[in-house]
Amino acid sequence: MNVITRYLIREHHIPLTATIIREFSQHLETSLHQQYMIPLSYLNIYRTRKEFKLMKSIQHRLKKGNYILRETDKSGIFHIGTSVDYEKKAEAYRQKTGAYIELDSNPLWSVFDKVILLLNDLRSKKYILSWQLDKMMPKRDTVQLAYLYFIPKPHKAGTPLRPIVSSKNMPTTGISKFLDKIIRPIFDKHARSTTIIDGVDLIHRLEAYTTNGYLKPKTYLCTFDITDLYKMLPQEESLDILIEFLVQHGYQKVQNIPIDIIRKLALIVIKENVFVYEKKFYRQVIEGAMNSAFTLTLANIFMWKWQRQLVHRLDVSKEIYGRYVDDIFFTSNDSLESTDQVLDEANNFHPNIKRVQQIGRNVPFLDVFIQNSNGVLKTSLYHKEAAEPYVVPFGSDHPGHVFRNTVDTAITRAVRYSTTLSEFEEEIRQMKLMFLYNGYPSRHIDWRLTTLFIDQDRFYKRCQNYMKQHQDDYELLSSISNMETIVNQHIHKINMTLNFLEHEHYITKDIYQQLFLQRNDIQLKNVYFLFDRSYVKPIFSMESNVTSKLSTYLDDLLRPIIEDILKQSVVNQDFDFIQCLHHHQCSSKLKPTTLLVRIKIQNFFSLFKHQSVVDRIGYLLAKHRQNQPINHISIVTIERLLELYLKYTLFIFEDYIYTFNHGMPNETRFRTLLSNLCLYYWKTKKFQDNQQFQNEFLLQYNDELFFTWNQSKENFHIFLLELKEFSDDDIDMDIEYGQQINIQNIHLENRHENLRIFLLELKEFSDDDIDMDIEYGQQINIRNIHLENRHGQLYSTMNTSSVLLPYVTGYPKVKYQQWFRSTLIRLIQLCSDYRDFTRQRIQMEIHCLISGYSNEFIESELEKFNRYFNVDIYQVQVNELTYQQLRSNLLKFQRWQSQNYSSIIEFNYLYDYGAYHEFQKKFHTIWSTYTNSHATLSSKQTKILLNAKHLFSLDSLLARKRES
């Protein structure tokens, strides 16, 4: 309820004291109580009782034996230990380290007041900005005292305990997270050469080391582990080293905060680390706080100081040095005695540093086993002795992609780490045994192996050929070695423009701060390609791009306006497409000789030049809004922001940085919005404003155009010859027409002439050079839909095999049930003739049986369908009248597409057991009762999506009540 209330206050500015919120809350609470009182089904009762009995049995055994159940430190499995043993080890740890002192009273509010006082003082003296203050300021109603607990480390002798301080809601948590966010990127940037990211990164360094001739038969491989990295942090000295690090790399300020102020903020994070343990209060007086966001960054910077002498010495000798948190790896071509001496000297760099070392020709590091085989580098996957053969069980309630990704990750690691084929084959054997042990079917493992091992060289060449064929769409800027320069230049240009717009009052200060870019916000991504038999498709990720903020802002600003412009001419679901075809506007245009035409825009996202996009968007927005601003932003300002978005989007391919000349990235919601609106301008000029087209029907379905043609077929052929002659922008189309056509999953039909003259005029549009794929006739296909003109009547069918969800993918059963039910509904909606439906339904069932669905599953789902819609599916398929009545009812279903709503609100709630369908239905009823009169929250304007997050009873075994 708090989530909903905060949303209403934040987004719709409804006061917390408003009557509507109070009444809605009371009604919803009453409904929740009623839902929990509804009797469970027999199956749920059986499952609940079984798990409850199991949980109680485990709890009883734990209590009787005085045991403690904990998740382990490394492998994530469960460990059972005695309470006495835990307490002895915890007390021994406290005595050994002397890190904690006991306090007389609860220190929470004392720390809270200190944090508030410090932050307000810094803000009043203008050392920090208001938004920075908001990030760090604790909230009185949410702060909680941290608590200490221990987790076992069974992979080490004696099963020692690791202390964890859970400080999620401490008064200093906001400061800790803020400092980590601004300092960590600086460390990552300047310490990259001495940081090992993962096993693959280490292998790359070793391969370069070997290629340069530094790996010799006598080369030693050395690893050592810093014992208790967090424990050895001296608090004051760590802060001195932090300042030294920043000064040495040229930072007097970080995000306009002076470094002496950063020290003050860091000091309060370290000094005010207080917590509760076994109903006693403690303060940590030495070391860093485990589980605090800033502690790891501070420890890394402390290690930067400690390792400098060793790094310099190894650099002179051209050796490798790398550190992963508290694990260090380096190579040495000196004698064993000299190498030991180097480590002894390093051990004396600081009294707190203690190490455990291993030197030899064969050593493990992280998850890699490295061998120097007489000067030849060999690597393989390393499994620790304490490692358990445990992965996500196949029978667990996870989406299918989790199981696929788990297997794919294991296979990919085996390929990357294994130097020889025999090592790879051995790793695959072990991997298969592990997955079989966790319930994975052997066919699922074999399927992933087959899928991953396609012809990599062939795929790689196709990716390169794609970039060559589309080289006019992209501009190569530089190699990634100049990434910092390129990114900073683009950030500067965008920020300069935003600063000008804010200074001239074209945008508000809030919008300026929302769009202003920091280098830490930007992380360029590689373009990756999807393979589909004969072609590759590029996918451009916009996450953390230079223009991501602009894209999000413009999408929020323009989507309601653009969707209003397009609502009569664009659809993006086959259900909407069929409904439009059954409208009088289409049926009245259909004659026995009518041709059905489908134009496929092949390069939908790169069809317009950037200036052409800006001009079209500006023209249409100004015309639609009569030059009035949108949310106080003028059309001219929107054009300026669009120019920034289109011009400065970056991506990486093969170690080079590119930007777009044509079009825009294809992995954002905003790009579809812009492409549709640009195409709308072209459609208006060539279709709606064309006198020859006044008696025709036109509809856009994603990147395809469907229209009827009742004129001469001869004129249509003239158009086809001249269709490619537009002079500026390049639209690639696939056109299908005739008396029968296919659209997505649907099939339509009709005939005839005069089309060519209209299509000829279509090519005379002076600003665009459109490349189309054309299909026309009495039958055409649009996506999975087949359309056919039968003597002036439009018929449609659906291709079911193209939308099949294979049962082997490992989704929860409910996913298959939802797919089967929705596909059956779509079949009825898209098949205009009951005989076509019968044929397609039988075909769908055959495909299901082939793809692993059982006959019992299919019969059960058909029976559920019959009960829900009060029909008999077998009577429907032999009775035209009954079928058309059912189809008419299904076509009247409320649309779920976002363009029918001004907003979509999504809420998540925890679900254990019960009738959640009834709860969702009741929730919507209550919501509508209190919001139908609201301008934007009414059911006509807003779509509510409720998502259930499963919460299983056995999880409570690991839940421990917080001590207070």
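The model is predicted, so local features are reported at pLDDT of at least 70 and side-chain atom pairs at pLDDT 80 or more, while totals for chains, interfaces and linings use all residues. Residues are numbered from 1 along each chain as its sequence is written, and side-chain values use heavy atoms, with hydrogens and water left out.

**Overall make-up**

The protein chain has 32 helices and 33 strands. Helices (H or I, at least four residues) and strands (E, at least two) are DSSP runs, numbered from the N terminus. Of the 964 residues in the protein chain, 49% are buried. Buried means under 20% relative accessible area, exposed over 50%, and partly exposed in between, with a 1.4 Å probe and protein chains only. Among the contacts in the protein chain with a separation of 6 or more, 77% are between residues 24 or more positions apart; contact means heavy atoms within 4.5 Å.

**Helix α7 and its two partners**

Helix α7 (residues 173-190) packs against helix α10 (residues 259-271) and against helix α9 (residues 235-248). The geometry of each pair is set out below. Axes are lines fitted to C-alpha atoms, for helices over the stretch in contact, and angles run from 0 to 180 degrees between N-to-C directions.

| Helix pair | Angle | Axis separation |
|---|---|---|
| α7 and α10 | about 135 degrees | 9 Å |
| α7 and α9 | about 60 degrees | 11 Å |

Given its angle, the pair α7 and α10 is therefore oblique. Angles under 35 degrees count as roughly parallel, over 145 as roughly antiparallel, 65 to 115 as roughly perpendicular and the rest as oblique. The crossing of α7 with α10 is left-handed, a term used if the near helix is turned anticlockwise from the far one by less than a right angle, with right-handed used if clockwise. On the α7 side the contact involves Ile175, Ser176, Leu179, Ile182 and Ile183, and on the α10 side Ile262, Leu265, Ala266, Ile268 and Val269. The residues of this contact of α7 with α10 are nine nonpolar, one polar and no charged. Here Ala, Val, Leu, Ile, Met, Phe, Trp, Tyr, Cys and Pro count as nonpolar, Asp, Glu, Lys and Arg as charged, and the others, Gly among them, as polar.

The pair α7 and α9 is likewise oblique, and its crossing is left-handed. Ile183, Ile186, Phe187 and His190 of α7 meet Leu242, Phe245 and Leu246 of α9. The contact of α7 with α9 divides into six nonpolar residues, one polar and no charged.

**Strands and sheets**

Strand β6 (residues 220-226) is largely enclosed by the rest of the structure, because six of its seven residues are buried. β6 runs antiparallel to strand β12 (residues 327-332), joined by six bridges; two strands pair if DSSP finds at least two bridges between them. Across this pairing, Asp225 stands opposite Asp327 in β12.

Another open sheet has three strands in the order β14-β15-β16, with antiparallel pairing. Its edges are β14 (362-365) and β16 (376-381), each with a single partner strand, so one side of each has no neighbour in the sheet. The twist from one strand to the next averages 20 degrees. Six bridges link strand β15 (residues 368-373) to β16, with Gln371 partnered by Lys378 in β16.

**Single residues**

Leu501 lies in helix α17 (residues 483-503) and is buried, with a relative accessible area of 2%. Leaving aside neighbours within four places in sequence, Leu501 is in contact with Tyr506, Ile507, Thr637 and Leu641. Leu501 and Thr637 are 136 residues apart in sequence, and their C-alpha atoms are 7.8 Å apart in space.

Most residues other than glycine have a negative phi. Asn631 has a positive phi, near 50 degrees; Asn631 sits in the loop between α22 (610-625) and α23 (635-647) and is exposed, with a relative accessible area of 56%. Asn870 also has a positive phi, near 55 degrees. Asn870 is in the loop between α29 (855-869) and α30 (873-876), and is exposed at a relative accessible area of 72%.
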